[in-house]
Amino acid sequence: MKNKVLFIVTVIVVFLLGLLASSIVNRKNEAKYKYVPQVEISENEPRNEEWGKNFPAEYQSFLQTEQSDFASFQGGNAMRDMLEEDTRLAVLWAGYGFSKDYNQGRGHQYAVEDIHNSLRTGGPKGKGDGPMPATCWTCKSPDVPRLMNEIGVAEFYSGKWADKGEEVVNPIGCADCHDSKTMKLTITRPALVEAFESMGKDINKATHQEMRSLVCAQCHVEYYFDKKSPGNEGVPYLTFPWKNGMSVEAMEKYYDDMEFKDWTHKLSRAPMLKAQHPGYETYLTGVHADRGVSCADCHMPYKSEGGQKFTDHHIQSPLNNVANSCQVCHREDAEKLRANVYDRQQKAAESRLKLEDALVKMHVEAKKCWDLGATEEQMKAILMDIRHAQWRWDYAAAAHGASFHSPVETARVLSSGLDKATEGRVKLARLLAELGHNKPVEMPDLSSKEKAQEYIGLDMEKLNKEKEDFKENLLPKWLEAAEKREANYGSKQASVVN
């Protein structure tokens with residue numbers, strides 16, 4: 001009986017080992033796959049689908065950036081109206097485009113579509129019209145490096161956003177980060193190269209692992225439009241303010257020394273700075289960067305299909321892909337890891353919202369001072385406190401993932417912002433008293449986005465009508481012209497040597 005059982009067990013083990021061996025052999029055969037290009041990728045090829053003919057696995061994963069169904073505590077890819085969620089933002093950005101429209105960013109596939117729809121780009125009727133410069137296209141499309149190579153960098157930045165509308169149609173993709181001949185990661189936006197040069201660094205010496213973050217840093221950074229760039233005066237030249245360093249204080253000093261402002265606040269008249277999205281700068285101050293973890297390690301982790309290992313181009317929040325991102329290093333349960341992230345973000349949000357409240361009051365109280373006859377000299381120090389406090393708030397808030405990437409630095413920045421706001425409000429109280437106002441200033445009703453926008457003087461009906469007219473009349477012409485142009489690109493079959 002024992003021999004019979006042993007025989008059966010042996011047969012089962014041999015069978016299973018055979019299956020394992022067969023699987024290993026099949027995987028090895030799959031892994032022998034030789035890259036055989038189907039088409040030749042031209043130097044300025046902006047169409048992601050053409051690159052996809054040679055790299056189908058990466059391209060198919062990239063197409064998943066169309067998904068917009070994941071909302072985390074402080075991000076994700078779902079469409080969210082942030083002005084509706086936090087009505088204070090409209091007041092903080094009064095006089096600036098973000099007070100009109102500010103939505104949570106979706107996946108890279110929507111980069112061009114979302115900027116078409118945004119009220120920030122207005123409703124231009126043709127070339128030379130609209131509120132935004134052409135520079136605003138810089139991070140939206142692989143058509144940008146194509147155009148920069150064709151017409152020159154400064155010429156690309158020149159003119160209005162509407163001037164380049166029919167040229168920029170392909171969403172963020174392959175040519176933004178890869179060399180068309182070698183497929184190596186490459187920098188296609190000169191602003192990043194120029195920023196490194198301003199710090200005395202050579203970006204060409206970056207390692208491959210560093211490049212897995214630097215290609216992201218082409219866009220996920222703080223920047224401004226410099227109209228005084230030597231040799232390009234009057235052109236809104238895209239520039240990163242890194243000459244003094246990347247900290248909130250270093251960039252603030254850079255801006256203060258040159259007396260730069262993004263806009264003048266409509267209520268307080270403060271010379272404001274708008275932090276864009278200093279994700280790279282804040283990431284560098286966190287523990288993951290310190291351990292050599294790149295942006296791609298978490299947002300574009302490796303995956304395997306058919307025995308082939310490749311980078312997942314479904315660029316997304318790691319919280320929507322915990323198994324392949326976080327759990328490669330962290331062995332905790334997925335829900336626990338998410339809870340850890342949300343805990344850090346919630347704590348930072350408490351300080352951020354306190355600072356927002358103080359800033360709203362500062363803008364409204366400053367307006368009251370002006371209404372009561374305050375002089376520019378009386379307001380000068382107060383306006384700088386508003387500028388510096390809001391810069392710190394925006395630096396921490398606009399970096400999106402900063403409260404997780406670098407919770408300690410984010411807490412420090414927000415606390416220093418609260419200090420600046422407290423100092424400013426003390427000065428405001430004293431000045432209001434001097435001007436004969438010895439009671440609290442009445443605050444506006446911010447119970448809805450509509451009320452907040454009405455308070456700051458926006459005619460939303462007019463703005464929405466202009467946008468609809470643009471989408472109905474001009475946008476179709478852009479897309480038609482682009483389709484005709486790209487029809488002439490063709491697709492050249494690759495010559496393969498066997």
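This is a predicted model: local features need pLDDT of at least 70, side-chain atom pairs count only at pLDDT 80 or more; totals for chains, interfaces and linings use all residues.

Visitor: How many aromatic pairs does the structure hold?
Guide: There are 26 aromatic pairs. One of them joins tryptophan 161 and tryptophan 478, at 5.4 Å centre to centre with 70 degrees between the planes. Planes over 60 degrees apart count as edge-to-face, and this pair is edge-to-face.

Visitor: Where in the chain do tryptophan 161 and tryptophan 478 lie?
Guide: Tryptophan 161 is in the loop between H8 and H9, while tryptophan 478 belongs to helix H21; the two are 317 residues apart. Both are buried.

Visitor: Why is the pair of tyrosine 255 and tryptophan 391 called edge-to-face?
Guide: Because their planes stand at 90 degrees, with ring centres 5.8 Å apart. Tyrosine 255 comes from helix H11 and tryptophan 391 from helix H16, so the pair ties together parts 136 residues apart in sequence. Tyrosine 255 is buried, at a relative accessible area of 0%, and tryptophan 391 is buried with 0% as well.

Visitor: Which charged residues sit over phenylalanine 98?
Guide: Arginine 120 lies over its face, 4.1 Å from the ring centre, and the charged end of lysine 274 sits over the ring at 4.7 Å from the centre.

Visitor: Is serine 180 buried or exposed?
Guide: Buried, because its relative accessible area is 10% and the cut-off is under 20%. Serine 180 lies in the loop between helix H8 and helix H9, and its contacts include Ile41 and Trp51.

Terms used:
Residues are numbered from 1 along each chain as its sequence is written. Side-chain values use heavy atoms; hydrogens and water are left out. Helices (H or I, at least four residues) and strands (E, at least two) are DSSP runs, numbered from the N terminus. Buried means under 20% relative accessible area, exposed over 50%, partly exposed in between (1.4 Å probe, protein chains only). Contact means heavy atoms within 4.5 Å. Rings of Phe, Tyr and Trp (its six-membered ring) pair if their centres lie within 6.5 Å; planes under 30 degrees apart count as stacked, over 60 as edge-to-face and the rest as tilted. A charge sits over a ring if NZ of Lys or CZ of Arg is within 6 Å of the ring centre and within 35 degrees of the ring normal. Lists of a residue's contacts leave out its neighbours within four places in sequence.
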